[in-house]
Amino acid sequence: MESLDILILGVEASIALAGFAGIIATFQFNGDKDTRRGDAVGLTMILQFSLLTSLICSIAILLYSFDLKETTLWAICSAISAALQVWGSIAVQKNMKGVLRTQSLGRLTIMLQNPSLALILINLMNASDIFFHREAGPVIASIVYTLSIAGFMFSRLLLIPIWRNVRTQEKAKLGDATAA
């Protein structure tokens, strides 16, 4: 698969993910239920990461249409990708303030932030022609990682309310069993 095909696929996947998240959020977060900060952060991450992925892919496609040298194209895209990864990481940290901090959430945050930091450094090295020599790989790795995070948060958006209901129903059944 050519790099341009991967970029087009990245735009399509990111827009689809953002659209589906919007549809689910419309039905899931109505005025009757309490919305938790963690759920709002998750939805924000889906939308922002999906649209940032779409942006980097669109910029690369636009630059590709100007017949730039491939090394120049990927150097520019790597620099932009690193900047967007930094912005995304900062946005997540800001949004996470006030969320109930548990050990598992802390581990999850570290697991998500470490690869992001590595990709920032790899893209900066690619843009600077250090080790990677201005190639498509680091940019595509960032696209895949960002879409993976958005997809993971999308699955949480779908499944967390279901598991909340299951736990509530199990507690109610346990309460009925102990009362009898």
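Colleague: Where is arginine 134 found?

Modeller: Arginine 134 sits in the loop between H4 and H5. Keep in mind that this is a predicted model.

Colleague: Why is arginine 134 called partly exposed?

Modeller: Its relative accessibility is 31%. Buried means under 20% and exposed means over 50%, so arginine 134, at 31%, counts as partly exposed.

Colleague: And what makes the backbone of arginine 134 worth a look?

Modeller: Arginine 134 has a positive phi of about 55° although it is not a glycine. Most residues other than glycine have a negative phi.

Colleague: Which other residue of that loop between H4 and H5 can you show me?

Modeller: Aspartate 129 lies in the loop between H4 and H5. Its phi is positive too, at about 65°, although aspartate 129 is not a glycine. With 37% relative accessibility, aspartate 129 falls between the cut-offs of 20% and 50%, and therefore counts as partly exposed.

Colleague: Let us move to serine 50. Why does serine 50 count as buried?

Modeller: The relative accessibility of serine 50 is 0%. The limit for buried is under 20%, so serine 50 counts as buried. Serine 50 is found in helix H2. Leaving aside neighbours within four places in sequence, serine 50 is in contact with Ser14, Leu17, Ala18, Met45 and Ala150.

Colleague: Met45 is a name I want to follow. Which residues touch the most other members of the largest nonpolar core?

Modeller: They are Met45, Ile46, Trp74, Cys77 and Ile143, out of 33 residues in that core. Helix H1 (3-28), H2, H3 and H5 each supply at least two residues of this core. As for cysteine 77, its contacts are Ile56, Ala60, Leu63 and Val139, not counting residues up to four places away in sequence.

Colleague: Which helix gives the most to the lining of the largest cavity?

Modeller: H3 does, with 5 residues. Helix H2 (37-65), helix H3 (70-96) and helix H5 (137-179) each supply at least two. By class, the lining of the largest cavity has 6 nonpolar, 8 polar and no charged residues.

Colleague: What lines the second largest cavity?

Modeller: Its volume is about 80 Å³, and the lining includes Met45, Phe49, Gly88, Leu112 and Tyr145. H2, H3, helix H4 (103-127) and H5 each give two or more residues to that lining. The classes are 6 nonpolar, 4 polar and no charged.

Colleague: To finish, how many helices and strands does the protein have?

Modeller: The protein has 5 helices and 0 strands, and the pattern along the sequence is α-α-α-α-α.

Notes
Residues are numbered from 1 along each chain as its sequence is written. This is a predicted model: local features need pLDDT of at least 70, side-chain atom pairs count only at pLDDT 80 or more; totals for chains, interfaces and linings use all residues. Side-chain values use heavy atoms; hydrogens and water are left out. Helices (H or I, at least four residues) and strands (E, at least two) are DSSP runs, numbered from the N terminus. Ala, Val, Leu, Ile, Met, Phe, Trp, Tyr, Cys and Pro count as nonpolar, Asp, Glu, Lys and Arg as charged, and the others, Gly among them, as polar. On a 1 Å grid over the protein atoms alone, a cavity is a set of points where a 1.4 Å probe fits but cannot get out, and a pocket is an open set with protein on both sides within 12 Å along at least five of seven lines; lining residues have an atom within 4 Å of a point. Grid points are joined across faces, edges and corners, and a volume is the space filled by probe spheres set on the points. A nonpolar core is a set of buried Ala, Val, Leu, Ile, Met, Phe, Trp, Tyr and Cys residues joined through side-chain atoms within 4.5 Å. Buried means under 20% relative accessible area, exposed over 50%, partly exposed in between (1.4 Å probe, protein chains only). Contact means heavy atoms within 4.5 Å.
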